[in-house]
Amino acid sequence: MASLLWQKRRRVAEDLRVEDIAADPRPGMTAPCSIAFSADRKHVGYLLSKPGSRDQVLVVNEIDAEGHLSAVRPFVQHDFEHSAEESLSLEERMRRERTRSWGQGVTSYAWGARTSVALLQVNGSVFLQRGLGGELLKVLDCEDTSYARGPILDPKLSPDETQLAFVRGAEVFVLRIAPSVTTDVTTSETAGAINGTAS
């Protein structure tokens with residue numbers, strides 16, 4: 001029995017190399033993730049990494065009236081240039097560590113509550129696209145520090161898909177998407193106070 005166990009351990013050690021463990025992307029980290037149905041039940045979407053890369057894209061299968069799935073296709077027809085990890089803020093790196101978010105490109109997305117509108121976070125900025133093949137709209141630019149500093153955290157669409165709530169600089173903001181108007185919902189009276197937190 002002991003001999004069989006030793007042989008099994010030896011075989012595993014021979015099959016598994018340090019180079020395999022240290023590979024980037026990490027083994028097992030390129031599977032589809034964040035699978036979700038759109039509210040109108042016309043699409044099922046998920047994040048998928050490009051082969052041999054950590055760059056994620058949002059892809060979808062369309063669902064016909066009989067429940068059959070179409071071939072997979074990108075939801076967004078746009079190639080995003082990803083930001084190097086060294087350029088990310090300390091807050092953003094810590095958030096990614098907490099949520100075990102290793103991907104680049106499209107790091108998160110969410111469907112609207114009524115239609116096939118998708119909210120995407122890419123390189124710290126937030127984008128909105130209404131339907132497959134619709135116009136891609138940047139609704140929050142992480143480079144815009146005119147109202148607050150720090151990473152944009154936990155963006156959420158309102159149920160009617162006309163407003164966007166998010167956290168930035170320890171404050172909660174609400175953005176009316178069209179026309180674009182940002183309202184500060186909270187105010188920190190004390191230094192270091194945090195009124196908004198990411199999920």
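Visitor: How many aromatic pairs does the structure hold?

Guide: Five. Rings of Phe, Tyr and Trp (its six-membered ring) pair if their centres lie within 6.5 Å, with planes under 30 degrees apart called stacked, over 60 edge-to-face and the rest tilted. This is a predicted model, where local features need pLDDT of at least 70, side-chain atom pairs count only at 80 or more, and totals for chains, interfaces and linings use all residues. Residues are numbered from 1 along each chain as its sequence is written, and side-chain values use heavy atoms, leaving out hydrogens and water.

Visitor: Why is the Y147 and F173 pair edge-to-face?

Guide: Because their planes sit at 75 degrees, with the ring centres 5.3 Å apart.

Visitor: And is F173 buried or exposed?

Guide: F173 is buried, at 3% relative accessible area, while Y147 is partly exposed at 27%. Buried means under 20%, exposed over 50%, partly exposed in between (1.4 Å probe, protein chains only). F173 also stacks with F166, at 5.5 Å centre to centre and 15 degrees between planes.

Visitor: Switching to strands: which strands does β6 form hairpins with?

Guide: β5, with five residues between them, and β7, with two. Strands here are DSSP runs of E, at least two residues, numbered from the N terminus, and two strands pair if DSSP finds at least two bridges between them. β5 and β6 run antiparallel with five bridges; β6 and β7 are antiparallel too, with six.

Visitor: How many residues of β6 are buried?

Guide: Six of its six. V117, L119 and Q121 cover one side, and A118, L120 and V122 the other.

Notes:
Helix = DSSP H or I, 4+ residues; strand = E, 2+ residues; numbered from the N terminus.
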